[in-house]
Amino acid sequence: MKQVGTVRIDTERLALRRFRESDAQELFDNYGSDPEVGRFISFHPTSSLEGAKDFIDMHIQMY
């Protein structure tokens with residue numbers, strides 16, 4: 001299978017896309033700052049906004 005990278009997928013109720021640097025605050029607010037949510041996600045949540053920015057930067061560089 002040929003690797004084509006991440007493709008945006010849109011449905012009626014959902015849009016899946018790559019992370020953007022501007023997503024850091026929402027990533028932190030929705031995942032990093034709530035340990036109960038962190039129990040159910042596949043990556044380690046971050047404990048600071050700066051950590052969320054680092055997480056996004058790492059993923060942007062990977063793809």
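**Figure 1. The structure holds 1 aromatic pair.** Phe19 and Phe55 form this pair, which is edge-to-face, at 5.6 Å centre to centre and 80 degrees between the planes. The pair links distant parts of the chain, 36 residues apart. Phe19 lies in the loop between strand E2 (15-16) and helix H1 (24-32), and Phe55 in helix H3. Rings of Phe, Tyr and Trp (its six-membered ring) pair if their centres lie within 6.5 Å; planes under 30 degrees apart are stacked, over 60 edge-to-face, the rest tilted. This is a predicted model: local features need pLDDT of at least 70, side-chain atom pairs pLDDT 80 or more, while totals for chains, interfaces and linings use all residues.

**Figure 2. Cover around the two rings.** Phe55 is buried because its relative accessibility is 13%. Phe19 is partly exposed because its relative accessible area is 34%. Buried means under 20% relative accessible area, exposed over 50%, partly exposed in between (1.4 Å probe, protein chains only).

**Figure 3. A patch of negative charge on the surface.** Glu21, Glu50, Asp54 and Asp57 gather here. Patch residues have over 30% relative accessible area and no salt bridge; like charges are joined within 9 Å, nonpolar side chains (Val, Leu, Ile, Met, Phe, Trp, Tyr) within 5 Å. A salt bridge is a side-chain nitrogen of Lys or Arg within 4 Å of a carboxyl oxygen of Asp or Glu. Asp54 sits in helix H3 (residues 49-62). Asp54 is partly exposed because its relative accessibility is 45%.

**Figure 4. The chain behind the close-ups.** The protein chain has 3 helices and 2 strands, in the order β-β-α-α-α from the N terminus. Helices (H or I, at least four residues) and strands (E, at least two) are DSSP runs. Buried residues make up 16% of the 63 residues. Residues are numbered from 1 along each chain as its sequence is written, and side-chain values use heavy atoms, leaving out hydrogens and water.

Technical notes: Accessible areas come from the Shrake-Rupley method with a 1.4 Å probe; for residues, only the protein chains shown count as cover. Lys and Arg count as positive and Asp and Glu as negative; His and the chain ends are not counted. The place of a charge is taken as NZ of Lys, CZ of Arg, CG of Asp or CD of Glu.
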